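Here is a short report on one protein structure. Look at the sequence and the model first, then read on.

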Amino acid sequence: MHTIQDKAPLRARLILKDTQDWAALTGEQAVALREKAARMQSSRMARVIAGLPDRRARIEERTLDLPGRRLRLRVHRPRNAGPRAPLILSFHGGGFIAGTPEQNDWLNSHLAAHCPAVVVSVDYRLAPRHPLPEPIDDGYDTLVRILEDPGGWGVDPAAVAVLGESAGGTLAALITLRARKNGPPIHAQALTCPATDWTDALADYPSIAANTGHPGISLPKMLAARRLSLPEGLDARSVSPVRYEDLSGLPPALIVTGALDLLEDQGARYAERLRADGTDARVVRYPKAVHAFLSMPGLIPAAGPARHEILTFLRGHLHPEAGSPKAGGR
């Protein structure tokens with residue numbers, strides 16, 4: 001049972017207080033909420049919460065034309081990059097109905113500067129206008145297109161990783177599974193607070209009941225995201241990595257979880273499944289860390305050591321000849 005010591009920091013509980021009626025949320029309201037959140041992204045308060053980008057990486061906006069759509073990409077490059085660096089393809093969270101690449105600038109820019117690597121964050125299309133599996137197609141097709149022209153993007157196709165938070169963790173895992181069959185090779189996957197089960201069983205994990213009331217995410221919000229992003233007729237198991245029968249032959253995985261996150265057990269269970277099928281997977285659990293805490297380092301101190309853990313993992317698999325990086329602060 002959780003005690004007073006297990007509560008999230010007071011500032012996080014106050015700022016992240018959620019009064020939205022998620023059970024009644026319509027598609028139009030979801031679009032309006034995410035547009036409002038996107039407008040607030042550049043505000044001073046938002047930057048205090050989400051953290052400042054690392055100045056040792058530069059950020060550029062690019063667009064990618066794919067059949068039937070144009071995607072925005074937010075690209076983080078180390079300022080001292082050579083002609084080719086490892087590629088990290090990054091996916092933000094938001095339950096497939098919200099979120100932008102900017103919310104992960106603090107993490108992505110640091111990884112770009114210190115791995116070093118080219119970190120490409122995909123502004124994938126969102127539900128309800130673009131339900132699953134469209135966001136998965138956006139992520140996978142982006143990976144393929146970038147690696148068709150590695151010189152033009154300045155990336156090394158022999159050193160590729162995926163990174164995703166929450167629903168972005170779903171995407172990273174599913175893209176890795178698709179690439180196992182169809183290529184291109186992926187060499188590491190880092191999933192933070194991942195949602196790995198979108199079936200009716202998503203509410204059955206013990207961490208759902210144990211962490212109800214903590215900020216960051218709620219069961220009604222999760223159910224609203226599923227209702228709006230999974231179209232009728234889509235088998236939820238096909239977008240739930242933990243429900244795949246065969247998880248063998250996948251690249252090493254680091255799964256970062258928060259002890260106060262409703263989705264903690266989904267991440268842990270996915271790691272168990274990966275290991276059972278022979279895939280190297282490790283879980284790192286942070287006390288007093290709520291859902292999506294790596295996108296709010298200004299509120300959750302555990303984001304600092306978690307970021308360093310991710311950096312060490314990715315650097316070890318993308319630059320195996322290099323030593324461990326020095327620990328970085330917030």
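## Aromatic pairs

Rings of Phe, Tyr and Trp (its six-membered ring) count as a pair if their centres lie within 6.5 Å. The model shown here is predicted. How many aromatic pairs does the structure hold? There are 3.

One of them joins Phe96 and Trp198. Their ring centres are 5.4 Å apart. The planes meet at 50°, so this pair is tilted. The two partners come from distant parts of the chain, 102 residues apart. Phe96 belongs to the loop between β3 and α4. Trp198 belongs to the loop between β6 and α8 (206-210). Both Phe96 and Trp198 are buried.

Tyr286 and Phe293 make another aromatic pair, also tilted. Here the distance is 5.9 Å centre to centre, with 55° between the planes. Is Tyr286 buried or exposed? Tyr286 has 10% relative accessibility, so it counts as buried. Phe293 has 0% relative accessibility and therefore counts as buried.

## Charges over rings

Two arginines deserve a look next. The charged end of Arg178 sits over the ring of Tyr140. It lies 5.2 Å from the centre of that ring. Arg307 has its charged end over the ring of Trp106, 4.0 Å from the ring centre.

## The cavity

A search of the whole structure for cavities of 30 Å³ or more finds 1. The largest cavity holds about 40 Å³ of space.

Which residues line the largest cavity? They are Ser90, Phe91, Asn104, Leu107, Asn108, Leu163, Gly164, Glu165 and Thr192. By type, the lining has 3 nonpolar, 5 polar and 1 charged residues. β3 (85-91), α4 (105-114) and β5 (155-165) each supply at least two residues of this lining. β5 gives the most, with 3 residues.

## Thr192

Thr192 is one of the residues lining the largest cavity. Its place is in strand β6, residues 188-192. Buried means under 20% relative accessible area. Thr192 has a relative accessible area of 1%, so it is buried.

What does Thr192 touch, leaving out residues up to four places away in sequence? Its contacts are Gly164, Glu165, Ser166, Val256, Leu294 and Ile310.

Terms used:
Residues are numbered from 1 along each chain as its sequence is written. This is a predicted model: local features need pLDDT of at least 70, side-chain atom pairs count only at pLDDT 80 or more; totals for chains, interfaces and linings use all residues. Side-chain values use heavy atoms; hydrogens and water are left out. Helices (H or I, at least four residues) and strands (E, at least two) are DSSP runs, numbered from the N terminus. Buried means under 20% relative accessible area, exposed over 50%, partly exposed in between (1.4 Å probe, protein chains only). Contact means heavy atoms within 4.5 Å. On a 1 Å grid over the protein atoms alone, a cavity is a set of points where a 1.4 Å probe fits but cannot get out, and a pocket is an open set with protein on both sides within 12 Å along at least five of seven lines; lining residues have an atom within 4 Å of a point. Grid points are joined across faces, edges and corners, and a volume is the space filled by probe spheres set on the points. Ala, Val, Leu, Ile, Met, Phe, Trp, Tyr, Cys and Pro count as nonpolar, Asp, Glu, Lys and Arg as charged, and the others, Gly among them, as polar. Rings of Phe, Tyr and Trp (its six-membered ring) pair if their centres lie within 6.5 Å; planes under 30 degrees apart count as stacked, over 60 as edge-to-face and the rest as tilted. A charge sits over a ring if NZ of Lys or CZ of Arg is within 6 Å of the ring centre and within 35 degrees of the ring normal.
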